[in-house]
Amino acid sequence: MVDIASGSAAPARIPATGGASRDAAALHRAIFIGLAALLVVAPFALYPVFLMKVMCFALFAVAFNLLLGYGGLLSFGHAAYFGMASYAAAYAAKVWGFTPELAILLGTFVGGLLGLVFGALAIRRQGIYFSMITLALAQMAFFFCLQAPFTGGEDGIQGVPRGKLFGLIDLSDDRALYVFVAIVFLGALALVYRIIHSPFGQALKAIRDNEPRAISLGYRASQYKLAVFVLSASLAGLAGATKAFVFQLATLTDVHWSMSGEVVLMTLVGGMGTIFGPLVGALVTVTMQNYLAQFGAWVTIIQGVVFVVCVLLFRQGVVGLIAKFIRKPL
Amino acid sequence: MPEIRPTDDATGSAGGEIVLQAEGLSKNFAGFSAVSGVDLAVRRGTIHALIGPNGAGKTTCFNLLTKFLTPTGGVIRYMGRDITRMKPADVARLGLVRSFQISAVFPNLTVKENVRIALQRRIRGSSLDFWRSESVLHALDQDALALVEDVGLSAYAEHLAVELSYGRKRALEIATTLALKPDMLLLDEPMAGMGHEDIDRTAALIKRVSRNRTILMVEHNLSVVASLSDRITVLARGQVLSEGDYATVSTNPRVIEAYIGAGHA
Amino acid sequence: MISKARLLAGAAMLGLAAQDAPAAAQVSGDTIKIGLITDMSGMYADADGSGGAEAVRMAIEDFGGEVAGNKIEFVVADHQNKADIGAARVREWIDRDGVDMVIAGPNSSVGLAVAKIAADKKKPFIAIGSTSSRLTNEECTPFTIHYAYDTVSLSKGTGAAVVADGGKSWFFLTADYVFGASIEKDTRAVIAAKGGTVAGSIKHPLGASDFSSFLLQAQGSGADVLALANAGADTINAIKAADEFGVGQSMKLVAMNMYLTDVHALGLQVAKGLYMTDGWYWDLNDETRAWGKKFFDRTNKMPTLLQVADYSAVRTYLEAVKATGADDGETIVARMKATPVNDVFVKDGVIRPDGRMVHDMYLMQVKTPEESKYPWDYYKLVKVIPGEDAATSKAESRCTLWTNATQ
Amino acid sequence: MPEALLAERPVPASAAPLLSVDDLEGWYGESHVLHGVGFDVKPGEVVTLLGRNGAGKTTTLRAIIGILGRRRGSVTVKGVEAIAMPSRLIARLGVGYVPEERGIFASLTVAENLTLPPQVKPGGLTLKQIYELFPNLEERAGSQGTKLSGGEQQMLAIGRILRTGAKLLLLDEPTEGLAPVIVEQIGRTLRMLKTEGFTILLVEQNFRFAQTVADRHVVIEQGRVIDTIPNADLDANLGKLKTYLGV
Amino acid sequence: MATLFGVPLQALSGQLLLGLINGSFYAILSLGLAVIFGLLNIINFAHGAQYMMGAFVAWMLLNYAGVGYWPALLIAPVFVGLSGVLLERVLIARLYKLDHLYGLLLTFGVALIVQGLFRNHFGASGLPYAIPAELSGGHRLPFMFLPTYRGWVVVASLAVCLATWLAIEKTKLGAYLRAATENPALVQAFGVNVPLLLTLTYGFGVALAGFAGVLAAPVLSVNPNMGADIIIVVFAVVVIGGMGSILGAIVTGFGLGVVEGLVKVFYPEGSATVIFVIMALVLLVKPAGLFGRTA
């Protein structure tokens with residue numbers, strides 16, 4: 001397929017001179033450590049609930065970017081996996097009394113399962129058709145959530161108990177929850193990093209760059225696409241399920257198509273096909289949403305403007321630009 | 001000059017049993033018949049060239065053989081096995097590997113990684129194992145670098161493929177193809193767009209890799225064809241015009257006519 | 001039960017405060033900070049939105065910007081109809097900005113989410129625009145006051161009034177989600193109790209845009225009343241289509257949930273003859289007209305039920321602060337629950353132990369263009385629905401705060 | 001013979017070049033295909049570009065008409081520098097282009113294909129004149145363009161640019177894949193056009209055919225002009241030419 | 001009385017007619033998308049917003065300039081089309097050399113901006129727009145009461161679809177369009193101003209959306225969100241149809257309207273999702289869509 005991440009929109013092309021990949025790996029390790037350190041000090045300066053929200057959305061964007069940036073597939077329906085997982089986790093915790101970790105696992109599984117079904121359908125078409133199909137399927141999921149009794153319709157599932165992690169640690173304390181969310185976030189980020197750098201990730205990049213060639217080398221491209229779709233949907237589910245615990249609720253917002261648009265925006269702003277770009281994108285977008293809240297409809301307008309500006313001028317995103325500048329992949 | 005029929009086994013110049021065989025291969029596009037009733041038999045250990053003037057249906061034929069197009073009619077057999085309805089990736093797994101007319105590399109991977117992608121399937125039947133570390137791939141680095149060296153790209157091993165010159169991309173593509181240790185190679189215009197030096201180097205490379213392998217190539221450059229091929233099939237207007245060794249086809253008046261036109265004087 | 005204990009503690013404090021209010025007064029930070037979280041950009045922006053914020057400002061101005069010697073501050077935010085944004089904003093308001101009381105505009109999911117947080121943080125929370133009756137039933141808290149209306153007041157009141165007015169046989173066109181379902185269910189119960197019948201119902205998907213097909217089926221049922229158990233654009237689209245297909249000629253059209261601004265959006269030509277329940281109307285009496293005019297001068301629109309309720313809620317709250325000199329949730333809520341509300345919004349409104357404010361509702365009929373004499377002259381009053389008829393009874397209540405209480 | 005054609009007389013060979021290509025470089029995708037092509041075509045001349053496949057003949061034509069992604073150097077038509085122009089303005093200078101594989105539109109009928117190119121200069125043939133020239137086209141005017149035989153498609157491709165009034169024609173392998181009898185008919189057409197004063201730049205692989213129509217042959221290899229052979233000297237240079245063409 | 005699955009046949013024929021009316025909107029919208037996609041290779045996500053603009057422009061014409069329905073039916077699409085021309089010139093034209101997905105993202109951003117601006121200015125609860133006096137009232141058909149305006153919607157949209165189809169299939173400009181869809185470079189090499197053609201085509205496709213908006217104004221709520229949801233349904237219609245042909249877009253649009261209408265009778269709860277379900281089924285059987293060309 002004509003992929004979005006290579007060609008003229010390629011992530012910063014970094015000429016590698018001997019040992020560059022080892023350099024980059026060291027840099028990435030440093031960034032991971034820096035990020036962890038930042039997460040330790042951040043709650044002293046910023047509101048922890050806000051930080052947790054940023055982490056949930058960053059995780060969502062990272063999951064989405066795994067599909068777009070490394071699989072070359074633009075899904076316009078990722079809200080479905082995020083939102084359905086959020087409902088599943090919230091319901092399991094509230095009604096069945098699942099502990100947080102089990103509820104989140106269930107949410108992740110639901111996201112992945114839905115991804116398997118939708119993905120299997122969507123990868124039958126390519127390019128813009130793929131995007132339109134994912135959008136249409138997600139809209140179907142939205143109507144399902146709207147009508148199904150267990151989601152509480154427009155009221156949503158409210159008052160989800162944060163519960164005790166492993167039955168031991170009480171998460172109702174914001175600080176405990178913060179630590180838990182930070183660990184989930186860093187863990188998932190590390191997993192995505194590992195996926196990208198696994199043999200699977202290599203093959204994926206090859207398929208993204210040149211699908212016919214990868215096929216001619218014996219790769220069954222559609223299997224890889226489906227696999228990355230499911231992975232991405234599962235991780236989106238992880239993000240959604242975690243969010244259900246942070247806010248103690250699951251609502252229709254999370255399955256609505258505008259949420260799918262938001263995650264595209266986050267990735268675009270941060271830099272698609274970069275590992276750390278979605279984090280920056282999520283931070284920018286969530287901050288914008290929170291602090292422009294008093295401006296009413298201007299939030300949508302500003303989001304639209306950011307979309308247009310990014311597409312026209314900043315296709316590499318913030319982190320993509322930095323990567324180009326320091327000539328190392330980020 | 002006796003006309004040589006494509007299926008005339010007695011005149012087969014070289015090679016063992018038939019590896020790749022097409023019978024009555026046809027392809028129609030929206031009422032236009034690009035390839036009609038082509039018979040082709042490629043024998044083990046030969047370099048077989050598919051030539052013909054522009055629009056003769058060479059590339060269509062080639063895409064049919066590699067399954068990137070589905071034939072409208074006819075049968076394709078590889079090692080006696082019917083592959084007419086098989087998927088391209090599965091054909092590749094049988095050891096029948098193609099190259100592409102325009103350079104087919106993975107632009108955002110390094111040269112080494114390009115080759116390693118082809119080697120990668122060796123370490124596990126399926127590389128859907130996303131949880132494994134990149135380090136398992138380092139085991140393949142040595143083999144990859146050896147192949148890179150074979151095509152003279154050692155100095156560029158850590159460069160992204162996108163930065164290579166056109167000729168070097170073609171060389172990289174061949175290295176990647178060879179990494180699969182294919183039994184049979186299908187080369188689509190391996191010399192297209194190359195300068196003299198590149199052509200000579202690539203021709204030598206093809207000659208070298210043809211040992212113990214079967215090669216079918218589409219090529220325009222007749223001098224390359226002449227020096228490399230054991231057997232040539234000439235296509236014109238979607239049909240086989242002639243088949244035989246270079247001496248045979250190059251003196252066939254119908255071939256000459258197809259190429260340079262009949263005199264009107 | 002903790003909540004009961006808190007309630008009793010609150011009541012005890014009330015007694016204390018009532019005796020020597022100024023002495024015991026303690027307002028944290030020397031300011032009273034009010035937060036309004038509402039929809040300022042979405043489908044309810046006209047019904048509440050910036051007009052609601054303006055109404056709150058009017059209430060603060062009536063107090064001269066200060067109460068019991070404390071400056072009154074006001075913050076407002078758009079929740080964009082997203083519960084997580086609303087919840088996060090309110091959490092931050094209370095945790096970091098020292099907001100003392102929160103009012104929420106429309107959207108039940110935001111209202112329910114904010115109610116949880118306010119209860120956790122022990123701050124008074126006044127729900128204005130949420131329709132979900134869960135706020136004062138299974139999800140009731142000691143700090144939630146549901147002020148303007150809910151699905152029960154819409155369904156019970158309307159159901160009883162319309163049956164009494166001769167609409168015996170009903171057909172429901174119900175939006176296929178919780179709001180629609182609960183309105184239909186509650187209304188059915190009232191209809192049955194009052195001796196009416198239900199000829200049928202159709203669940204339509206949210207945002208169905210074309211209603212002609214459903215209307216045709218409704219017309220075929222031969223019922224007297226067509227009840228639209230939906231909201232917003234769905235209601236408007238259904239009414240437009242009903243007008244086109246002449247449904248109004250054979251059936252009474254009843255919109256279960258509409259605001260004055262919706263009628264304005266439809267135009268009288270299309271909306272004429274429509275029955276609806278509202279909790280307030282600017283043209284009820286001289287007092288309402290005066291306030292409506294004041295509001296109109298500032299916003300260029302006549303106020304809706306929600307906007308006047310915003311005003312009234314803030315006044316009631318500030319009165320409680322003034323009376324008690326305190327700003328802690330228990331004291332204030334106790335005081336509010338103990339004092340009947342009498343202002344431009346309601347007469348003798350009572351805030352019950354479950355948090356529900358009980359007040360009269362009005363069954364209205366939309367005027368024809370000929371009947372309408374001046375701008376915004378849209379309704380004629382058909383029937384006043386007494387507050388008790390428009391609320392859950394104690395027997396029906398699922399709020400343990402109330403059912404377990406001794407009073 | 002259509003009368004309008006008689007209006008213009010061939011210009012003497014000493015006239016200034018109608019088309020002048022100088023140091024033309026061009027890229028096809030990533031690959032650098034033209035490395036400084038240069039030649040002139042005088043008014044009324046028929047010049048062929050010969051060379052083996054992949055030498056850059058087609059790319060040269062595409063670079064002249066301006067539909068190549070990247071090009072550099074100089075292309076002047078009637079003294080107007082066209083290297084920076086979009087192709088539609090180059091066409092408006094009076095250049096008609098028949099692409100490789102003819103470029104007949106499948107979603108258009110024969111008549112629509114024929115009338116598609118807008119008139120760029122006065123003095124083009126009328127539809128009637130074209131039908132006189134290629135009677136087959138009139139018979140099949142209503143059928144889908146690509147349902148024609150290869151020869152008819154070629155006639156259609158040539159016919160449609162005669163309508164436009166362009167006097168400089170760029171023809172890319174008009175004989176490719178056609179039966180000898182058709183090739184002959186196309187040869188007759190080209191010779192007729194030459195006598196009518198058209199200037200033609202022809203890409204050919206078939207030099208036997210080229211010989212029957214051209215004044216000069218420009219040989220291209222590896223994206224450069226390596227030789228120019230006047231038609232009269234063609235037979236004398238046959239050996240050399242066969243090497244060039246890799247036969 | 002004859003019945004089918006318990007529904008009287010007479011009522012059913014009424015429902016079929018209503019489905020056709022609804023399909024009219026799908027048909028015009030998917031036709032616009034198909035025309036734009038065919039030549040520009042862009043999925044115009046702003047199509048819903050432009051549909052909404054059509055309705056609003058009609059309202060503004062009436063309320064600010066006193067221009068009634070009939071002139072608005074002409075003026076509003078022209079106005080929306082011109083806004084599309086501007087959009088294409090200023091923004092979209094910069095994307096032709098990039099992956100097509102960027103067109104989707106750009107127009108998505110534009111849709112957000114347009115919707116936000118209208119919401120800021122007009123609020124979200126909608127505006128009244130009356131049925132023109134000439135078309136009010138209705139006719140009693142043997143099987144149903146048909147409001148005149150609804151009948152007009154079907155007639156008008158069929159006429160516009162037919163006219164568009166004829167314009168594309170039978171006119172010179174249409175021939176340019178078809179040719180440029182196949183091979184824009186060659187058409188440009190013939191001296192045709194293809195960039196202008198792209199601009200006009202986009203403008204025209206957008207004008208179709210605007211036209212649908214004016215048609216919808218008297219029957220649907222005129223509010224800033226009216227296009228946001230319908231556009232996703234139209235995307236599904238387009239996937240089902242397959243963008244293979246102009247005629248395909250029209251036929252699929254009307255056809256799915258009818259199917260949806262039937263579902264409203266037999267299983268109303270499913271009417272919002274039926275088109276998506278059909279899309280999934282079509283994808284399983286015919287990935288290229290009903291009228292789509294394979295690869």
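These exercises, with worked solutions, concern a predicted model of a multi-chain assembly.

**Exercise 1. Chain E against chain A**

Task: Describe the contact between chain E and chain A. How many residues does each chain give, and which elements of chain E take part?

Solution. 
- Step 1, residues. Chain E gives 46 residues and chain A gives 41 residues.
- Step 2, area. The two chains bury about 4,000 Å² between them, with 80% of it on carbon and sulfur atoms.
- E:Leu101, E:Tyr102 and E:Leu105 supply 17% of the area that chain E buries here, more than any other three residues.
- Step 4, polar links. Salt bridges between chain E and chain A number zero. Seven residue pairs are in polar contact, both residues being at pLDDT 80 or more.
- Step 5, elements. On the chain E side, α4 (100–122), α9 (226–241) and α11 (274–285) each give two or more residues. The largest share, 15 residues, comes from α4(E).
- Step 6, classes. The chain E side holds 32 nonpolar, eight polar and six charged residues.

**Exercise 2. Chain E against chain C**

Solution. 
- Step 1, residues. The contact uses 33 residues of chain E and 30 residues of chain C.
- Step 2, area. About 2,500 Å² is buried, and carbon and sulfur atoms give 52% of it.
- E:Ser125, E:Arg150 and E:Lys264 supply 22% of the area that chain E buries against chain C, more than any other three residues.
- Step 4, salt bridges. Three cross the interface. One of them pairs C:Asp210 with E:Arg150, with the closest N and O atoms 2.7 Å apart.
- Step 5, polar contacts. Eight residue pairs count, both residues being at pLDDT 80 or more.
- Step 6, elements. Those of chain E giving two or more residues are α1 (9–40), α4, β4 (145–147), α5 (148–170) and α10 (246–266). α1(E) gives the largest share, four residues.
- Step 7, classes. The chain E side has 19 nonpolar, 10 polar and four charged residues.

**Exercise 3. Chains that do not touch**

Task: What separates chain B from chain E, and chain C from chain D?

Solution. 
- Step 1. Chain B and chain E have no contact, and their closest C-alpha atoms lie 10 Å apart.
- Step 2. Chain C and chain D do not touch either, and their nearest C-alpha atoms are 37 Å apart.

**Exercise 4. A helix in chain C**

Task: Check the length of helix α5(C), residues 108–121, then say how many of its residues are buried.

Solution. 
- Step 1, length. At 1.5 Å a residue, the 14 residues should span 20 Å. The end C-alpha atoms are 20 Å apart, so the two values agree.
- Step 2, burial. α5(C) is mostly covered, with 11 of its 14 residues buried. Among them are C:Val110, C:Leu112, C:Val114 and C:Ile117.
- Just after the helix, C:Lys122 takes a positive phi of about 60°.

**Exercise 5. The surroundings of A:Phe60**

Task: Is A:Phe60 buried or exposed? Which residues does A:Phe60 touch beyond four places in sequence?

Solution. 
- Step 1, location. A:Phe60 sits in helix α2(A), residues 48–69.
- Step 2, burial. Relative accessibility is 0%, so A:Phe60 counts as buried.
- Step 3, neighbours. A:Phe60 touches A:His78, A:Ala79, A:Phe82, A:Ala236, A:Ala239, A:Met259 and A:Val263.
- Step 4, one distance. A:His78 is 18 residues along the chain from A:Phe60, with 8.8 Å between the C-alpha atoms.

**Exercise 6. Salt bridges within chains**

Solution. 
- Step 1, total. Over all chains the count is 52 salt bridges.
- Step 2, helix to helix. B:Lys112 and B:Asp141 meet at 3.5 Å, N to O. B:Lys112 lies in α3(B) and B:Asp141 in α4(B), so the pair ties parts 29 residues apart in sequence. B:Lys112 is buried at 11% relative accessibility, and B:Asp141 is buried at 13%.
- Step 3, strand to strand in chain B. B:Arg231 and B:Glu243 meet at 2.8 Å, N to O. B:Arg231 is in β9(B) and B:Glu243 in β10(B), so parts 12 residues apart are tied together. B:Arg231 is buried at 8%, and B:Glu243 is buried at 1%.
- Step 4, strand to strand in chain C. C:Glu73 and C:Lys33 pair with their closest N and O atoms 3.6 Å apart. C:Glu73 belongs to β3(C) and C:Lys33 to β1(C), so the pair ties parts 40 residues apart in sequence. C:Glu73 is partly exposed at 27%, whereas C:Lys33 is buried at 14%.
- Step 5, a network. Salt bridges with shared partners join A:Lys94, A:Asp155, C:Lys116, C:Arg134 and C:Glu139.

Definitions and conventions:
Residues are numbered from 1 along each chain as its sequence is written. Chains are lettered from A and ligands numbered from 1 in the order in which they are written. This is a predicted model: local features need pLDDT of at least 70, side-chain atom pairs count only at pLDDT 80 or more; totals for chains, interfaces and linings use all residues. Side-chain values use heavy atoms; hydrogens and water are left out. Contact means heavy atoms within 4.5 Å. Buried area is the accessible area (1.4 Å probe) that two parts lose on being put together, summed over both. A salt bridge is a side-chain nitrogen of Lys or Arg within 4 Å of a carboxyl oxygen of Asp or Glu. A polar contact is a pair of N or O atoms within 3.5 Å; within protein, one must be able to donate a hydrogen and the other to accept it, and residues adjacent in sequence count only if both atoms are side-chain atoms. Ala, Val, Leu, Ile, Met, Phe, Trp, Tyr, Cys and Pro count as nonpolar, Asp, Glu, Lys and Arg as charged, and the others, Gly among them, as polar. The expected span of a helix is 1.5 Å times one less than its number of residues. Buried means under 20% relative accessible area, exposed over 50%, partly exposed in between (1.4 Å probe, protein chains only).
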